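I opened my notebook for a quick look at this one. Here is what I looked up, in the order I went.

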Amino acid sequence: MQSYYITVVSTDDEKGWSAPLEEIKVKSKDKLFEKIQETIYKYREV
């Protein structure tokens, strides 16, 4: 079964990618968009 990963980084540079804030595994492609949106809302700056 194929899995997809959403990686949340604090900055788009080597430092940010070497220490991700979170990595989320999504097992279903059908749920990928929903999980990306959920993750954006979770980490959005207010």
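**Ground rules.** I noted that this is a predicted model, in which local features need pLDDT of at least 70, side-chain atom pairs count only at pLDDT 80 or more, and totals for chains, interfaces and linings use all residues. Residues are numbered from 1 along each chain as its sequence is written, and side-chain values use heavy atoms, with hydrogens and water left out.

**Burial.** Next I checked how many residues are covered: of the 46 residues in the protein chain, 15% count as buried. Buried means under 20% relative accessible area, exposed means over 50%, and partly exposed lies in between (1.4 Å probe, protein chains only).

**Fold.** I found 2 helices and 2 strands in the protein chain, in the pattern β-α-β-α along the sequence. Helices (H or I, at least four residues) and strands (E, at least two) are DSSP runs, numbered from the N terminus. The C-alpha atoms fill a box of roughly 30 × 25 × 10 Å along the principal axes.

**Contacts.** I then turned to sequence separation. Among contacts with a separation of 6 or more, 27% are between residues 24 or more positions apart; contact means heavy atoms within 4.5 Å.

**Charges.** I listed 8 positive and 9 negative side chains, with the centres of the two sets 7 Å apart. Lys and Arg count as positive and Asp and Glu as negative, while His and the chain ends are not counted. Each charge is placed at NZ of Lys, CZ of Arg, CG of Asp or CD of Glu.

**Salt bridges.** How many salt bridges does the structure hold? I have 2 on my page, a salt bridge being a side-chain nitrogen of Lys or Arg within 4 Å of a carboxyl oxygen of Asp or Glu.

- Lysine 42 pairs with glutamate 22, their closest N and O atoms being 3.1 Å apart. This pair links distant parts of the chain, 20 residues apart: lysine 42 is in helix 2 (residues 32-43) and glutamate 22 in strand 2 (residues 22-26). Lysine 42 is exposed at 56% relative accessible area, whereas glutamate 22 is partly exposed at 23%.
- Glutamate 38 pairs with lysine 35, with 2.8 Å between the closest N and O atoms. Both belong to helix 2, and because they are 3 residues apart, about one helical turn separates them. Glutamate 38 is partly exposed at 42%, and lysine 35 is partly exposed at 27%.
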